[in-house]
Amino acid sequence: MRVLVSFIVGATFGVGLLISGMTNTNKVQGWLDIFGAWDPTLAFVMGGAIVPMAIAWQLTKTRKPVFADSFPAAPDPRIGRNLVIGSTLFGAGWGLAGLCPGPAVASLSYGGIGGLTFIVAMLLGMLIAPRVRTRLDQMATAS
Amino acid sequence: MHIDWIYGLIGGAIIGIAGAIFLLFNARIMGASGIIGGLVDGSGKSDWQERAAMVAGLFIVPGIVALLMGGAQTNVTGNLAVLVAAGLLVGVGTRLANGCTSGHGVCGISRLSLRGIVATGFYIGAGGLSVVIFKHVLGVI
């Protein structure tokens, strides 16, 4: 059942991304382009997505998950160096191509050779990320 | 153009419902980079079927819907060097930060996670700067 739910979640997520316009890189780069023809759509997408999620988080306080024993524990609240460095690198790439991981997968079937190139590079980046993390941690302890 | 925000709001709500189902049924956070990254670097070996099913749904179903709609525009740049650089940055960055737009943005902000809010501030700031530099200053995108 958990596998079926996962498929349905992926499918629903993808259809939401398509309808919202977030698989169109012009709309994402338009949101980030505050000095150009600024496009506010992404703020509506975020707002629309946060409402059902906030309700779900509220429900986790009094209920049990349907197909699991307990809800995930809150992550370590500390703001680490990797969170800041990683988010900055991610943002730079996001602005450059107008794609982030979810929409990149959702649009893979209609994104042509460009979308495929991005995904392959992204997967490669994810593969080397643990090594980058180790190197960053070594640099931090050395200094 | 003027009604795009309605599609944004409806699409956004659908994304949020997907995340809510994942949390309430499977007790999982709908973070695209974490789910995919766990498959790539082997850290998600124990629940790979669930991860693979999620990615399969995310890949297959929008493709079918786009086909039924008569195609969808992605407007991905034709500059392959830009795409390779962007892909590497997104891949490394999201894994270092442990999250992307869906994990930190949608799932994190909605539980008022400080980490999610800080991460979102940094990636939107860096994204805006990236567009300014590469579009308006250098003119490569």
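Biologist: Is A:Ala49 buried or exposed?

Modeller: A:Ala49 counts as buried, because 35 C-beta neighbours lie inside 10 Å. A residue is buried if 20 or more other C-beta atoms lie within 10 Å of its own, exposed if 12 or fewer, and partly exposed in between, with C-beta atoms placed from the backbone. Please note that this is a predicted model, in which local features need pLDDT of at least 70 and side-chain atom pairs count only at pLDDT 80 or more, while totals for chains, interfaces and linings use all residues. Residues are numbered from 1 along each chain as its sequence is written, and chains are lettered from A and ligands numbered from 1 in the order in which they are written.

Biologist: Where is A:Ala49 placed, and which residues of chain B does A:Ala49 touch?

Modeller: A:Ala49 is in helix α3 of chain A. Helices (H or I, at least four residues) and strands (E, at least two) are DSSP runs, numbered from the N terminus. Leaving aside residues up to four places away in sequence, A:Ala49 touches B:Gly12, B:Ala13, B:Ile15, B:Gly16, B:Gly19 and B:Val106. Two residues are in contact if their C-beta atoms, placed from the backbone, lie within 7 Å.

Biologist: How many residues does each chain bring to the contact?

Modeller: Chain A brings 104 residues and chain B brings 97 residues. On the side of chain A that touches chain B, α6(A) gives the most, with 19 residues. By class, that side of chain A has 67 nonpolar, 34 polar and three charged residues. Here Ala, Val, Leu, Ile, Met, Phe, Trp, Tyr, Cys and Pro count as nonpolar, Asp, Glu, Lys and Arg as charged, and the others, Gly among them, as polar.

Biologist: Turning to chain B, how many helices and strands are there?

Modeller: Chain B has six helices and zero strands. Of the 141 residues in chain B, 59% are buried. The C-alpha trace of chain B spans about 45 × 35 × 30 Å along its principal axes.

Biologist: What about α1(B): how many of its residues are buried?

Modeller: In α1(B), 18 of the 23 residues are buried, so this helix is largely enclosed by the rest of the structure. Its length also agrees with expectation, because 23 residues at 1.5 Å a residue should span 33 Å and the end C-alpha atoms are 32 Å apart. The expected span is 1.5 Å times one less than the number of residues.

Biologist: At what angle do α5 and α6 of chain B pack?

Modeller: Helix α5 (residues 101–109) of chain B and helix α6 (residues 114–137) of chain B pack at about 135 degrees, with their axes 8 Å apart. The two helices α5(B) and α6(B) are therefore oblique to each other. Angles under 35 degrees count as roughly parallel, over 145 as roughly antiparallel, 65 to 115 as roughly perpendicular and the rest as oblique. Axes are lines fitted to C-alpha atoms, for helices over the stretch in contact, and angles run from 0 to 180 degrees between N-to-C directions.

Biologist: Finally, what is phi of B:Asn75, and where is B:Asn75 found?

Modeller: B:Asn75 has a phi near 50 degrees, a positive value in a residue other than glycine. Most residues other than glycine have a negative phi. B:Asn75 is found in the loop between α3 (48–68) and α4 (80–96) of chain B, and B:Asn75 counts as partly exposed, with 14 C-beta neighbours inside 10 Å.
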